[in-house]
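Look over the sequence and structure first.

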Amino acid sequence: MELEELPVHLRGSAAAEPFHESVVNAAIDLSQRTFRDPEARGYPELLALAYWMRKAEIVRLAAQFRTLQLDNRILAPRGLVFHLPPRNVDTIFVYSWLLAALTGNRSVIRLSPQRSESTNILLRLLRETLAAAAEPASSGTTIVSYGHDVEPTEILSGLCDARVIWGGDQTVDTIRRTPLPPHAKEVTFPDRYSLSAIRADTYADLPEEKRDYLADQFFNDSFWFDQLACSSPRLVVWCGTAVETRAASADFFHRVAGCVERRRYLLPPAASMQKLVYACSAILNSPVEECRRYKGLTVLTLDSLSGFKRSHPGGGLFFEAHLEDLLHLPEFLGRRDQTLTWFGFTSEELHALVRKLNGRAVDRIVPIGQALQFHRFWDGYDLLQEFCRCVYIESAFQDARPTGASG
Amino acid sequence: MTLDDLMQLPQYSVAQADKEAVLLAELTRLGKHHRQRSPEYARLARIMFPGSADPHNLADLPYLPVALFKEHLLSSVPESEVFKILQSSGTTGQTPSRVVLDRETAQLQTLALSRIMCSVLGPNRLPMILVETADLIRDRRQFNARAAGLLGMLNFGRDHFYALDSNLELRLPELKDFLRRFGGAPFLMFGFTFLVWSRFYQPLADAGLDFSHGILIHSGGWKKLQEESVSAADFRAALRQALGLTRVYNFYGMVEQVGSVFLEGDDGYLYPPNFADVIVRDPTTFEELPNGQTGVLEVLSALPRSYPGHCLLTEDLGVVHAVDSPSCGRLGKAFSVLGRIPKAELRGCSDVIAAKVS
């Protein structure tokens, strides 16, 4: 399709009712196609995506959406959502696309001409799904592909009712220079940093196999996307006495190193070199007091978290620090901190932490093992509501005259 | 045997085991020297390489990745003793490495280079063709690694003739004059590999000139020639056939370890001089690899006193083919450089590429 034809095409179709049968079925169909696809099988992230879109999950989302609909407030689709996914996380665009589509929106997705193999597989599966889908699902999604040209972004931004920008601070900054219609809203996913907190005494009480399990879960959270997913932990904060935390850390990272070896995690040589250079620089630039190097895993122990810089090379490098109490953590956290994966704390402790943070930092607190599980609640948004307008209805007619107003 | 012996003995004449014993003692001593004088080095050695203060073999010694010299000025001398700071040429947009030299280290580098070059050039200065433009060293403000390399080599020749003009075009009539004067006896030629190929060999390929008494020393890497599908063997064969040049020596070296260059033997492999060595490490775990396996090259040199660059992990891949093999009459490790570690892009939520382009 030519660029000039896009506006006509996009204006031509109407929004669907939220959780319209055709869209629900298309989502489930895409999940099943992905599970069945021999090519997709080689990509765990595609299978994770398919799992996240499976029927049970879609049904659950539909039920959750119904509870958001109130008598005097109806959630209605915004209209057209323009998605700009990052080039190097293969599959993430499907998450925002799916939530936009389920809530009745039409979507236009911009993909880079340089795509990874898994994105191409996903794109093929999505096209097959849409071709087989009923209306309005079938024509509700348009995929465009272009490089860094400004013009298509301008045209699409001018048409949309909501824009979703993935890809970090600079991408958000660049795309934001292109204006939106006055009524349109923007959902941005800037650069984020994530960390884990572990209570050392609770960890010490764990039997062997549960420690192994925890290390395994931590491995998945961290290494699946080479530790570069925004929700993968890069810092581990140990809570307890110095003696407890030291022992817990030694035991834990030894087990994580075991996972790295068992799972044959292999970092490309250039990335390994970058990691080594980064570690050396960190030792010179920050209060690192110890460095432990295992195969594929580097742990840098910080003397203090004050002034902690959140740059990171990815690929299996962790900072760790020790705090007496989880409630000492807030003073070291900031807006950039996204996901806190935890082990060993009570619900009260975690709630007290969030109250103390009071919105300054951390949008997501989940147990270790769930860092990468995408959820409607992400980066401080409820994506089930973000793509909707709230329409207020007062349906009770008040026949009594206002008292006191007439005097 | 001492470092002095290693310098004075004919190069490539020390068996690997003997060399390693001397180097281990010397480099351990140098490590102590740098721990005492460079707080940054002391910190890195203590934290990155715990237990390395008492090394049992060369691979136990702490090594620094060369890229660290781009981010940090690592010095083991007070500012008053800094003689000059060398900078790598670095392609545009890249931060150059900076290497602190004092007089002692600079002198050692000069001495070392001369010991290495004498092993192929003999004791006398030879008439010299530089496959370069004289402009390169005329402007001292633009003093880069290429110019430093050239200046270092000038000492080994006399009656210097710059074969290229300021547009890097061949000065053919003057070149013919040089050959008429000096072409009948050994003469020295020096240049960067790609310039030798594109600005010297190519325009002369059909000229029928006789360089059979020439000794060519060249360096600078094979990347550009690889892009043109010219291998090291092609290079040697072409020069032999078209110019009659049979004595062609490539060398591998870097600004972070000036002086201890690795010079090609007649078998086409590179050899460390007596006072230097190479170790091949696994590119992901950095553990030492057995000979024959490809990995990241670590270069060791007993020269650096003014900066902690005696053990450096390069970003080049290489392989050791043989040790103390008599194939070209040299002892020590015979190795090849196989080019840079290939670039890799990790995934992540942050769109690095878009950020760079926009």
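## Polar contacts and salt bridges

Between chain B and chain A, 6 residue pairs are in polar contact, both residues at pLDDT 80 or more. The model is a predicted one. Salt bridges between chain B and chain A number 0.

## Size of the interface

Chain B and chain A bury about 3,700 Å² between them. Of that area, 64% lies on carbon and sulfur atoms. Chain A puts 47 residues into the contact, and chain B puts in 40 residues.

## The chain B side

Which elements of chain B each supply at least two residues to the side that touches chain A? They are α3 (39–48), α4 (68–71), β13 (311–323) and α12 (352–357). The largest share comes from α3(B), with 6 residues.

By residue class, the side of chain B that touches chain A holds 23 nonpolar, 7 polar and 10 charged residues. The charged residues are there, yet the count of salt bridges between chain B and chain A is 0.

## Strand β13 of chain B

β13(B) supplies at least two residues to the side that touches chain A. Within chain B, β13(B) also pairs with other strands. Strand β1 (residues 64–65) runs parallel to β13(B), joined by 2 bridges. Here L64(B) has L312(B) as its bridge partner.

Strand β12 (residues 295–301) of chain B is antiparallel to β13(B), over 5 bridges. L300(B) is bridged to C311(B) in this pairing. Strand β14 (residues 333–340) of chain B is antiparallel to β13(B) as well, over 7 bridges. There, L317(B) has G339(B) as its bridge partner.

Technical notes
Residues are numbered from 1 along each chain as its sequence is written. Chains are lettered from A and ligands numbered from 1 in the order in which they are written. This is a predicted model: local features need pLDDT of at least 70, side-chain atom pairs count only at pLDDT 80 or more; totals for chains, interfaces and linings use all residues. Side-chain values use heavy atoms; hydrogens and water are left out. Contact means heavy atoms within 4.5 Å. Buried area is the accessible area (1.4 Å probe) that two parts lose on being put together, summed over both. A salt bridge is a side-chain nitrogen of Lys or Arg within 4 Å of a carboxyl oxygen of Asp or Glu. A polar contact is a pair of N or O atoms within 3.5 Å; within protein, one must be able to donate a hydrogen and the other to accept it, and residues adjacent in sequence count only if both atoms are side-chain atoms. Helices (H or I, at least four residues) and strands (E, at least two) are DSSP runs, numbered from the N terminus. Ala, Val, Leu, Ile, Met, Phe, Trp, Tyr, Cys and Pro count as nonpolar, Asp, Glu, Lys and Arg as charged, and the others, Gly among them, as polar. Two strands pair if DSSP finds at least two bridges between them.
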